[in-house]
Amino acid sequence: MLAIRCILVVIDPNQPDSLALKRAHLISSVSQSRLHLLVCDNKHDHGAYLESLRERLTSEGHQVSVQQAWHENLHQTIITVQQAEGCGLVIKQHVPDSPLKRALLTPEDWKLLRYCPCPVLMVKTDTPWKGRNILAAVDVGNADLEHRTLHATIVSHGYEIAGLADGQLHVISAHPSAMLSAADPAFQLKETIEARYREACKRFQTDYDIPDAQLHIEEGPADALIPRICHQLQAAVTVIGTVARTGFSGALMGNTAEVVLDTLESDVLVLKPDEIIDHLEELVRH
C-alpha cells in the first residue's frame, strides 16, 4: 500500500467532513503518493471547490491534481478516471443506502467493490487510526493458490496499515461447524477443525509476528463473525478480500465484503487477486 504512486480520492461536495480526504491525507503523508481528487457530477460546477482543496493540500506539501467528470454512473466514472490516472488505490466515503433502495437496486458502492481493478478503501468513520487495532479477514479453509496469494496480500496490507497507524494487527478466519458425516475426520470435531485452521495461519504468524492472542479462529458464518470481532477489538480498519465464485464471465465477487460493508464499525479495505484485476482492466479497455 505504501508503494502506491497515485491515490484517487472521491470527493462528495455534499459531505463537508470529507472523511475520504482525511484518510488519503494520512496515507499520502507517509507514502508520498500523488492525490487525484475527483468530483462525480454532470449538473453543477465544482471547480472552485476543487481548486481550494488543491491549494490547501499543495501548501501542506502534497502533490495534487483535480478533476470533475461523469461517465454514465458513479462507479463507471470512478473506474474510468482510476484507469486514466493510473491510480493504485481508490478512497471513497461510504454512505449506506436505505434497506428498501438496496432491495430494489444494487448499491453503487457494491458495484465499485465488484468492478474496480484496484484496492478500494471505503471510509465509514472519522475516528483516527492512531493506536487502534487493524483486522485482516482471511478464509484459510480455501487453500488453492489464488486464495493463498490473496490471503498473503490481505495480511500484508493489514500489517502495513498497522505500522502506519502504530496499531496492532489481528487476523480472523471463520470455520464451518463440525459434521459427524464429514468424510475427513478432521471436520467431525470442532477442536480438530480449529486446530487445522490455526495450522494454516502459522506462516502469517511467523512472517508478521502475530501472536496466538491476535489470531481469531471461530465457528460461524464470516459475515456475522467479522463484524462481531471488529466491534470487540474496536478495529479502525478491516481488510477483506474477494475471489470470483462463478468464473470471470460476470466478474462477480464473493458477497461477504458487500454484506459486511454496512454492518462493520470500521473503515473497509477490499482487495482482489491479480488475475481478477487483470480481467477487470481488460473489461474496462473494451
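Trainee: Which residue in S8 does serine 173 stand opposite?

Mentor: Serine 173 stands opposite isoleucine 217 in S8. Please note that this is a predicted model, in which local features need pLDDT of at least 70, side-chain atom pairs count only at pLDDT 80 or more, and totals for chains, interfaces and linings use all residues. Residues are numbered from 1 along each chain as its sequence is written, and side-chain values use heavy atoms, with hydrogens and water left out.

Trainee: How many bridges join S7 to S8?

Mentor: Five bridges join S7 to strand S8 (residues 215–219), and the two run parallel. Strands are DSSP runs of E with at least two residues, helices are runs of H or I with at least four, and both are numbered from the N terminus. Two strands pair if DSSP finds at least two bridges between them.

Trainee: And what of S6 and S7?

Mentor: Strand S6 (residues 133–137) runs parallel to S7, joined by five bridges. Asparagine 133 has glutamine 168 of S7 as its bridge partner.

Trainee: Is S7 mostly covered or exposed?

Mentor: Strand S7 (residues 168–175) is mostly covered, with seven of its eight residues buried. Buried means under 20% relative accessible area, exposed over 50%, and partly exposed in between (1.4 Å probe, protein chains only).

Trainee: Changing topic, which residues touch the most other members of the largest nonpolar core?

Mentor: Val9, Leu37, Ile91 and Trp129 do, out of 46 residues. Helix H6 gives the most to this core, with seven residues. Such a core is a set of buried Ala, Val, Leu, Ile, Met, Phe, Trp, Tyr and Cys residues joined through side-chain atoms within 4.5 Å.
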